[in-house]
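Biologist: I have a few questions about this model. Shall we go through the strands and then the interior?

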Amino acid sequence: LHQLRAGNTERALFDYTEAGRVHVGHDRANTMSDLVDVWWADTRAHGIDGVRMLSGRRTDVDMLNQLARSRMESEGLLAGPAFETRTGMRFQGGDRIVVRTNWYAHADLRNGQTGTITHVESDSGQLTFRRDEDRVEVVLPRRYVDQSVDYGYAQTIHTAQCHTYDRVHLYVDQAMTAEHGY
């Protein structure tokens, strides 16, 4: 990290590669699938709250989220009734979410906060989630869920700023800049 901060990108990349922290893929789909496999192994070993996948682009995050959610579903970790938002997102108990809009008057919600859904009321579209930062359970009404909640298995680098995670898996391609890596 010191080399990266000092602007020695080539040296930093060499050091990370030598330490086994860089994995090169040959195409987007397989690389993302491999990244989700590594993420999955880390979540099993270290807990899902402290492990995150990041990317600089929203389209990449969407793909990683879909792959991760499919893994959660196939492993039987999503349970209870499901609720589908107006945009077609399907939430169940066990899903990881991120809130995208500040709502200070309602449980001090801030853009980028993450947590795990603990309860879904499919009729009303109301979700309850346990926020990672303080373990408080927060109830979200349908109008907020429809507009301001997304899957939280992966996030953009921007929404993860100011958060600390035990383990991070970063999807990098030619669109990544030095600012993203810092």
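Biologist: How do β1 and strand β9 pair?
Modeller: In this predicted model, β1 and β9 (residues 154-156) pair in the parallel sense, over three bridges. Within that pairing, S55 stands opposite T156.

Biologist: And how many bridges join β1 to β10?
Modeller: Five bridges join these two strands, which run parallel. Here S55 stands opposite Y171 of β10.

Biologist: Is β1 mostly covered or uncovered?
Modeller: Strand β1, residues 51-55, is mostly covered, with five of its five residues buried. V51, M53 and S55 point one way, whereas R52 and L54 point the other way.

Biologist: Which residues have the most contacts inside the largest nonpolar core?
Modeller: They are W39, M53, F91, L140 and Y153, in a core of 32 residues. Helix α3 (residues 28-46) supplies the largest share of this core, five residues. There is also a second, separate core of five residues, which includes L54, A160, Y165 and M176.

Biologist: What is L140 in contact with, leaving aside its neighbours within four places in sequence?
Modeller: Its contacts include I97, V99, H106, L109, F129, V145 and V149.

Biologist: Changing topic, which residues make the nonpolar surface patch?
Modeller: V168, L170 and V172 make the patch, which is about 230 Å². V168 lies in β10, residues 167-171.

Notes. Residues numbered from 1 in each chain as written. Predicted model: local features only at pLDDT ≥ 70, side-chain atom pairs only at ≥ 80, totals over all residues. Heavy atoms only, no water. Patch = residues over 30% accessible without salt bridge, like charges linked within 9 Å, V, L, I, M, F, W, Y side chains within 5 Å. Areas by Shrake-Rupley, 256 points an atom, 1.4 Å probe, with all protein chains shown as cover. Salt bridge = Lys/Arg side-chain N within 4 Å of Asp/Glu carboxyl O. Helix = DSSP H or I, 4+ residues; strand = E, 2+ residues; numbered from the N terminus. Buried < 20%, exposed > 50% of the residue type's maximum accessible area, 1.4 Å probe, protein only. Pairing = 2+ DSSP bridges. Core = buried A, V, L, I, M, F, W, Y, C linked by side-chain atoms within 4.5 Å. Contact = heavy atoms within 4.5 Å.
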